[in-house]
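Subject: Structure for you to look at

Dear colleague,

I am passing on the structure we talked about, and I would be grateful if you could look through it with the notes below beside you.

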2 protein chains.
Amino acid sequence: MPTMTAAQQREQAKLAYDSFLAECPSRQLLDRLSDKWVALVLAALADEGTMRYSQLARRLAGVSQKMLTQTLRALERDGLVTRTVTPTVPVTVDYDLTPLGASLQVVVRQVKVWAEAHMDDVRSARDAYDARGA
Amino acid sequence: MPTMTAAQQREQAKLAYDSFLAECPSRQLLDRLSDKWVALVLAALADEGTMRYSQLARRLAGVSQKMLTQTLRALERDGLVTRTVTPTVPVTVDYDLTPLGASLQVVVRQVKVWAEAHMDDVRSARDAYDARGA
DNA sequence: CGGGATCCGCACGGATACTG
DNA sequence: CAGTATCCGTGCGGATCCCG
């Protein structure tokens, strides 16, 4: 199976020079937060509480169902959200933050707070930089 | 310069369907932090203080010079780091955190702290999830 | 309604070569 | 030493179709 072989080779190569990076647990968490939608899902659930799949899709307008599902699966796997299936006539699925997810959301929210507080500074720095470059 | 045109086109396109998202300043900041290397550069500069290009390249071992340069340019543009060129025999370039960059780093570090504190929980949740799936 | 499976474009990022 | 320019593979993410 050449497909697996190629994938395995990549992982092997990664492990070779990433050994010291892999040791750091924060690295994996940062990668997880890099998933663009993770922070938004966390924020949405923190604001609204329990939400259904379609509610999340609407709240994060712009996300594809593939990405939303993928994000929710990852969060569920990491124990940050719960997924509750209720076998009603059309299936109902509720998502909610776990205590662990809630605690992470508090930290992530601090980043949001920083952004809202300093975005003007960043914006003016950006303008100044662009002015010099032109 | 077609390079700039391409970049501008992307921003234009984004603004078209992201209008309501673009309103939120935290969105742009989150995207910036998604750049995988941003947090690492911030952390490195916070730990070591002033660093030269080659020092950063070694500290973040695994990053390509393309990504490192790109990341540093973005951080400089946003006023988070300073770039100082000293015209010695071989050119010397020093990078350092601005007060703004330092304040952001404090927040980002909290995420790192959370990760180190809860990574065990995440890991066990992950194992449990995988065990169910198998 | 809440997804899984599949196809596919293209932009993201690595490798290489060259410059001041 | 500290980049810039170029080429190129691939994996991320959107679109579409289908299922329970």
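What follows covers the pairing of the chains and then the helix packing.

Please bear in mind that this is a predicted model, in which local features need pLDDT of at least 70 and side-chain atom pairs count only at pLDDT 80 or more, whereas totals for chains, interfaces and linings use all residues. Residues are numbered from 1 along each chain as its sequence is written, chains are lettered from A and ligands numbered from 1 in the order in which they are written, and side-chain values use heavy atoms, with hydrogens and water left out.

Chain A is superposed on chain B by a rotation of 180° with 0.0 Å of shift along its axis, at an RMSD of 0.0 Å (by least squares on the C-alpha atoms of residues with pLDDT of at least 70 in both copies). The two copies are thus related as by a two-fold rotation axis, and 98% of the contact residues of chain A recur in chain B, the same surface serving both copies. Among the residues of chain A, A:S34 comes closest to the rotation axis, its C-alpha lying at 2.1 Å.

In the interface, 42 residues of chain A are in contact with 43 residues of chain B (contact means heavy atoms within 4.5 Å). The area buried between the two chains is about 3900 Å², with carbon and sulfur atoms giving 69% of it; buried area is the accessible area, for a 1.4 Å probe, that two parts lose on being put together, summed over both. The rule finds 5 salt bridges across the interface of chain A and chain B, a salt bridge being a side-chain nitrogen of Lys or Arg within 4 Å of a carboxyl oxygen of Asp or Glu. The side chains of B:D78 and A:R126 meet in a salt bridge, at 2.8 Å from N to O.

Within chain B, helix α4 (residues 38-48) packs against helix α7 (residues 99-133) at an angle of about 110°, with the axes 10 Å apart (helices are DSSP runs of H or I, at least four residues, numbered from the N terminus; axes are lines fitted to C-alpha atoms over the stretch in contact, and angles run from 0 to 180 degrees between N-to-C directions). That makes α4(B) roughly perpendicular to α7(B), a term that covers 65 to 115 degrees. On the α4(B) side, the residues that meet α7(B) include B:A39, B:L42 and B:A43.

Definitions and conventions. Helix = DSSP H or I, 4+ residues; strand = E, 2+ residues; numbered from the N terminus. Parallel < 35°, antiparallel > 145°, perpendicular 65-115°, else oblique.
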